Amino acid sequence: MSESLLVNLSIAILFLPLIGFAIVVILGKRFPKLYLLEVGILTIAFILSLIVMFSKLSYFPKDIVSEFTWITIGNAPLNGVINIDLGIKIDNITVLMLFVVNLISMLVHYYSIEYMHGDKRYTRYFSYLGLFTFSMLGIVLTHNILMMYIFWELVGVSSYLLIGFWFEKKSASDAGKKAFIVNRIGDIGMFIGILILFTNYHTFTFDTIFEQIKNGVIPFSSNAWLTAAGILIFMGAVGKSAQFPLHVWLPDAMEGPTPVSALIHAATMVAAGVYLVTRIFVLLTADAMLVIAVVGAFTSFIAATIAITQNDIKKVLAYSTVSQLGYMIMSLGVGAYAFAFFHLVTHAFFKASLFLGSGSVIHAMHHEQDIRNMGGLKKKMPLTYATFLISTLAISGVPFTSGFLSKDGILAGTLAFGKLTGHWLIPIIAFTVAGMTAFYMFRLVLLTFHGEPRDHHKFDHAHESPKLMVVPLIILATLSIFIWYTPNPIGANQGWFLKSWVKTPQQVIPNETRFSFMVGKENHEVNVEEHGEIVNSLEYTETMHWAHYKAMFASLALAGLGILLAFMFYAWKKFDADKLAEKIKGLYNFSLNKWYLDELYDATAVSGTLNTGKGLSLFDQKIVDGAVNGSAWLTRFTSKLSGLFDTYVVDGLVNFSAFFSGFVGLNFRKLQTGKVQTYIVYVVFAVIILLFFFKPF
Amino acid sequence: MIGFPILSLITFLPIIGMILLLFIPKEQSKSIKYLTLAITAVQVVLAIILLANYNYNAAGVYEEKSFQFIEKFRWIYITGISWLGNVKVDYFLGIDGLSMPMVLLTAIVSFIATISSWNIEKSVKGYFALFLLLDTGMMGVFVALDFFLFYIFWELMLLPMYFLIGIWGGPRKEYAAIKFFIYTLFGSIFILLTMIGLYFSTTEVLADGTRVLTFNLLAMMNPANSTPDGILSIANPNNLRFIAYIAMFVGFAIKIPMFPFHTWLPDAHVEAPTPISVILAGVLLKMGTYGILRINYPIFPEITRQLMWWIGLFGMINIIYGALVALAQKDFKKLIAYSSVSHMGYVLLGMASLTTAGVNGAIFQMFNHGTITAMLFLIVGVVYDRAHTRGLYDFGGLATQMPVYTGFVTVAFFAAIGLPSMSGFISEALVFVGSFGVETTRVLAMISTLGILLGAGYMLWTLQRIFFGPLNEKWNTLLDVDKRELAMFIPLSIIIIFLGVYPSAMLNIMNTSVNTLVNFVSGNINSITQNGF
């Protein structure tokens, strides 16, 4: 296998789903069997991505870049040339993501064959999945931030189309719109961030930008701009990865078909934000990282508090997704880069499994989503139950699962961060959330699968889902077990995933803008080797080591406590959850109503914008156009006035002079009597008068 | 080069068509329509021939020898008026990278608008005669290089537009037509005055060595040609160049339309028949920005440099104000009209940056807005033809009733939102890259990004109100798009997506000229000449 073959394969993986989309969306109506083409394409893409992953990880230690110039403008001197390149970069992270995205996408395709059966836009659905897969793979493969933005928007559109897939429902089309617009808020920030980078570095390519930063070129020669660039680009991730305050779209996005929720809104697209931050990790200053850590921590906490009281099976999972994404973001913020990416991968598998499992339940219960109407399903759906349980154990961080490994690393990272910087609030939140996660996830499992059925009618009709739906569940649940990542169930660092595949990169920004523990010293290479961990500095490595077991025991205890409490409330009925809710009604409602954030946004931003629009529209009609019409009126008024003037004054004068001469003539005519005697009298009088005037004396 | 005067042909072909059309009896409306279609189709072919023979490396802008397809001869020459000197007007046509995209756009949009005119029933002959006359006026504006000639075409376009809105328009057509006419005429006065001022300030040396006053736009760009005491001569310390600049800018700004001179647009659009809206938004608005780039910028470079921030400010206002007002509209067509105001703001913003990326983006945006908004107005037309209403709240669920139509609507809407992979994204991105790149307009560019958000807001909301939700039973008889409508939508969609994926096809046409323009206006042109330009 040569590099160019690897590149070509990756490009094939990228464009195959697009070709599928184009064919199916145009011809799907005429040939309803075309969905099989989509499914086939995804299967091929998955096999190719397996090949690409293994060959990259085994034979190509170096990153592979392939690019071409897309746009060239400006060839005159003084203006400089602007080259915009497109290209792909294949590194370890890329190939792992390729594998994750293609695997889950393929499984979702197969799953959907059954789940979406009988839908009236069946082929359309598959074509959208193809569009999504293409866009997501674009994000994964790109080597420059403009292309990232391009595919970023494209996943936004496919997400929009799929959330609003059942657009006859107002709630669905609302949710799609909300998702797109809320994401755009983040995208604006990201776009400005990109502009800052481009203005200063004249390229969009990540590596070239990093190279220049390393050489000491700072945006607008100011570290503040560097921080700003990092935070602004991170805003894109805030939107896409549903971080506070832009997380509100993700729970609503559950209006989409459940397989879509699994693929897009749990496993892959929402992780794109995390992926973006991993890509720009090396240019994040200490300030930017702190912001990121705080946003992530806060998000994970808010989402966890909301998840506890939700009754819709998908909503609980949605909030747990938000919470886990917050974890990953926080992890990047505290510098635990590798664990963040690790958690992204493990989360993708177990969360996809949970969502597809919930889809299986919903399918069996005839579109019932309220867990208060479920219960006892483990007897009816043993396979779904088993896979759901394994995934729940994983997300709760129970040993021998993948989630335990990645979560533990994140918790250790926050603990180390607390010790190194004194920001203890972040580890405190992180551990609290770990306990809460275990609690609400087991609440979900217990209410859904255990106990007595609460809706007997629906329960009686429930049945295990068909093979095409169950097999993906089994595959994903299997991937939630530690063995795929490391031989040591409690030591992720010994595993191939972290030891040889994913390593925290060295930052490129000036030392004074980094956290002091992120400043690597050359002579510590040896110690790093000794510890078997690649991290930022000796100090950091040692602190991580210090944190490792502490974090593990604390998280185990908290997870155990959460699970225990869940059993006490919902299985053994030691406490009555309803009574407790009654007791702390205020808090309960606050959580149930999602901190009233939607209401707050509606009352401020949304209606504010709409009212501004209305106000400006009135202003436009009355004032701006009023001025135009007013000046037209003024012109007409003036012309009317001058018309009057013309009629009465100008023409009046004319008429008057005519009248006057007529009048004079008329009166003088009376003198013209025709009698000579009269004329003699006139002459005599005239002579007397003249004599009087010219009297000689 | 081509052996025949192709620019004259492409410009006056519609007039020839109009004369031919007058011989067709008015009952034969089919023949009239096919004749017009043939004429506009030939125009498209001519535009493609132009493109095929176009030299991508010739700059144009201020330099006569690098313009292409030049046709120049003396048109009006009156000698020996004692107090006036010699009056000389040239028939001077030529194109460069600024006008080539516009010529293409005009040809394409006219052709599409002809197809869209197919269901005109009222006095067909008059309609198509005026339509062809309008076509000549538009094309002429983009190829004329003599100010006098430019002005004639500029005014020529007004008359047919007035009748096309005033006779074939909607319920308030008279009001809209008069408003359009007078408003534009009002602007034209400023342009006329400036033109005369420039005429008396510019001289040109003829072949026989005599120096005469001239309307030649390129001559006006060279300070060496200005008379020492001309009212707009840069050599004259008491010149009125600043006032003239503002005056002419206002004249062009009305056409863009730039806030606060934009209120004729919604009225004209709402009342005009669909094909006329398409032409109005697709081509006419571009004349404003084209005029500024072609005339204001290179003739008054020093004032342009002074006013960059102000131009950018008005661009920003257009973007955000237009979008916010669009958000409040209840009439589909009015909403699209205000979205035009918003999208033309990007052109202004890009121009204001005076950078290669910004100006390239601005001109590319002019082209893209032409195609995208043409499609949007066609979309409004399709639904209005069937339902006879345009109220955004009167519909709902049309996606189930008209799926193919909805597909094209989605393409056009997302193009208008600036979705990557469609042409609008590239031009907007370049505008932002350019305007963010210089300090003068940086903050304006940052604020303007809000337009991206608001654009998504009103477009998606519209999509939802008209196409999503349960089908309003009132409309369960509406038919999906027919073949004729597909013939309009498919080519436009292809252009939009093609230029989104391969923008260089258009950017390469304009790049050399834009660079030259930017350098010329920035005052760098001397160094360029030294570097072998």
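Visitor: Which feature does UniProt place at residues 82-126 of chain A?
Guide: UniProt, in an unreviewed entry, places "domain: NADH-Ubiquinone oxidoreductase (complex I) chain 5 N-terminal" there. UniProt positions follow the numbering used here, feature names are shortened, and annotations may be inferred rather than shown by experiment. This is a predicted model, in which local features need pLDDT of at least 70, side-chain atom pairs count only at pLDDT 80 or more, and totals for chains, interfaces and linings use all residues. Residues are numbered from 1 along each chain as its sequence is written, and chains are lettered from A and ligands numbered from 1 in the order in which they are written.

Visitor: What's its radius of gyration?
Guide: For chain A the value is 38 Å, while a compact globule of 697 residues would have one near 26 Å. The radius is taken over C-alpha atoms, and the globule rule is 2.2 Å times the number of residues to the power 0.38. The C-alpha trace of chain A spans about 150 × 70 × 60 Å along its principal axes.

Visitor: Where are the domains of chain A?
Guide: Domain 1 covers 285-592 and domain 2 covers 599-685, with bounds from an automatic or database domain assignment. Their C-alpha centres lie 83 Å apart.

Visitor: Changing topic, how many residues of chain A are in contact with chain B?
Guide: 40 residues of chain A are in contact with 45 of chain B, contact being C-beta atoms, placed from the backbone, within 7 Å. On the chain A side, β1 (64-73), α5 (145-163), α6 (170-201) and α26 (597-669) each supply at least two residues. The largest share, 13 residues, comes from α6(A).

Visitor: Now A:S360. Buried or exposed?
Guide: A:S360 counts as buried because it has 28 C-beta neighbours inside 10 Å. The cut-offs are 20 or more other C-beta atoms within 10 Å for buried, 12 or fewer for exposed, and partly exposed in between, with C-beta atoms placed from the backbone. A:S360 is in helix α14 (residues 337-364) of chain A.

Visitor: What does A:S360 touch?
Guide: Not counting residues up to four places away in sequence, A:S360 touches A:M381, A:T384, A:S465, A:M469 and A:L473. A:S465 is 105 residues away along the chain, with the two C-alpha atoms separated by 6.1 Å.

Note on methods
Contact = placed C-beta atoms within 7 Å. Helix = DSSP H or I, 4+ residues; strand = E, 2+ residues; numbered from the N terminus.
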